[in-house]
Amino acid sequence: MLEVPFIYEAKGQVLIIHLPKELDHHNCRSLKYETDLLLAENYITRIVFDFTRTEFMDSSGIGVLLNRYKQMAGSGGQVTLYGAGPQVHRILSVAGLAKLVPSYETKEAALVG
Amino acid sequence: MEAMKLEMDSLSSNEEFARVVVAVFMSRLNPTLEEIDDVKTAVSEAVTNAVIHGYQNKPGKIYIEAVIEEHTLTVTVEDRGVGIANLKQAMEPMYTSDPSGERSGMGFSFMEAFMDQVQVETQPGKGTRVTMKKRVAG
């Protein structure tokens, strides 16, 4: 049960956040603190969320994406995502997030898109 | 009619447990994967509300009941926490009482989007009960 929910990968000015299988309130608890630390210590212009492992997301995941979007938009940065499955796509579209956080099929596209 | 009851501690780690239990229970209706995801999302939202808002992350019990009648699943998520003083405001899309900015305020909107019917009964100081219905053709 002791799973580390998020794996962070820094690539130049891009921070890639590999998301867990279940993106709910429980698993999101540590994300704000951890990303705030990383954003304070590194010059980041883009956050890329990797959904390839994620099978379930609820409004807690939307909160995480929206707050990162607001953080990055404040400094002219971008937030993108890739690898979203059908359940995640539905949640994103019901939440109306598709315009704010563009979704790509591949990691390569999300890094430059 | 078939029914199940679950009483569990108000812990964030139980959010996944609750939605999986209800998903397994509803599987006897032969739902589509999308219908299962809808119910899992709605249950997750209601239980998360109970943990964060109802009990303010303090200890408490959450009571879940699920009933299948004909082709309709009814799920009830109940807490005996603080209740909701202004229910109209709480149910507005994007409204959140959380100051951190990490909460989207879309919990009730998601329940309404993914279930056919959502009813909320609440009493300040007594608790909140959310009753949700979904028809599954099977």
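Colleague: On what conventions do the values rest?
Modeller: This is a predicted model, in which local features need pLDDT of at least 70 and side-chain atom pairs count only at pLDDT 80 or more, while totals for chains, interfaces and linings use all residues. Residues are numbered from 1 along each chain as its sequence is written, chains are lettered from A and ligands numbered from 1 in the order in which they are written, and side-chain values use heavy atoms, with hydrogens and water left out.

Colleague: How much area do chain B and chain A bury between them?
Modeller: The size of an interface is often given as the accessible area lost when the parts come together. Buried area here is the accessible area (1.4 Å probe) that two parts lose on being put together, summed over both. The contact (heavy atoms within 4.5 Å) takes 23 residues from chain A and 27 residues from chain B. Carbon and sulfur atoms carry 53% of the buried area, and the total is about 2000 Å².

Colleague: How many salt bridges does the rule find across the interface of chain B and chain A?
Modeller: A salt bridge is a side-chain nitrogen of Lys or Arg within 4 Å of a carboxyl oxygen of Asp or Glu. Over all chains, this rule gives 13 salt bridges. Across the interface of chain B and chain A, the number is five.

Colleague: Which element gives the most to the side of chain B that touches chain A?
Modeller: The interface holds 15 residue pairs in polar contact, both residues at pLDDT 80 or more; such a contact is a pair of N or O atoms within 3.5 Å, where within protein one must be able to donate a hydrogen and the other to accept it, and residues adjacent in sequence count only if both atoms are side-chain atoms. On the side of chain B that touches chain A, the elements giving two or more residues are α1, α2 and α4 (107-114) of chain B; helices (H or I, at least four residues) and strands (E, at least two) are DSSP runs, numbered from the N terminus. With ten residues, the element that gives the most is α2(B).

Colleague: Is R19(B), which forms a salt bridge with E22(A), buried or exposed?
Modeller: The closest N and O atoms of E22(A) and R19(B) are 2.6 Å apart, and the pair crosses from strand β3 (residues 22-23) of chain A to helix α1 (residues 14-26) of chain B. R19(B) also meets D24(A) in a salt bridge at 3.0 Å, N to O. Buried means under 20% relative accessible area, exposed over 50%, and partly exposed in between (1.4 Å probe, protein chains only). E22(A) has 7% and is buried; R19(B), at 0%, is buried.

Colleague: Which residues do salt bridges that share partners join with R90(A) into one network?
Modeller: E34(B) in helix α2 (residues 33-54) of chain B reaches R90(A) in helix α4 (residues 86-95) of chain A, with the closest N and O atoms 3.9 Å apart. E34(B) is partly exposed at 47%, and R90(A) is partly exposed at 27%. The residues joined with R90(A) in the network are E34(B), D38(B) and K134(B).

Colleague: How many residues apart in sequence are the parts tied together by R28(B) and E2(B)?
Modeller: The side chains of R28(B) and E2(B) form a salt bridge of 2.7 Å, N to O. R28(B) lies in the loop between α1 and α2 of chain B, whereas E2(B) lies in strand β1 (residues 2-9) of chain B, so the parts tied together are 26 residues apart.

Colleague: Which residue in β5(B) stands opposite V77(B)?
Modeller: Strand β3 (residues 72-79) of chain B is largely enclosed by the rest of the structure, because seven of its eight residues are buried. Strands pair if DSSP finds at least two bridges between them. β3(B) is joined by eight bridges to β2(B) (residues 61-69), running antiparallel, and by eight bridges to β5(B), also antiparallel. Opposite V77(B) stands V130(B).

Colleague: Which strands are the edge strands of the open sheet in chain A?
Modeller: The five strands follow the order β1-β2-β4-β6-β7, with mixed pairing. Within the sheet, five bridges join the parallel strands β2 (residues 14-18) and β4 (residues 46-50) of chain A, where L15(A) stands opposite I47(A). Each edge strand pairs on one side only, and the two are β1 (7-11) and β7 (103-104) of chain A.
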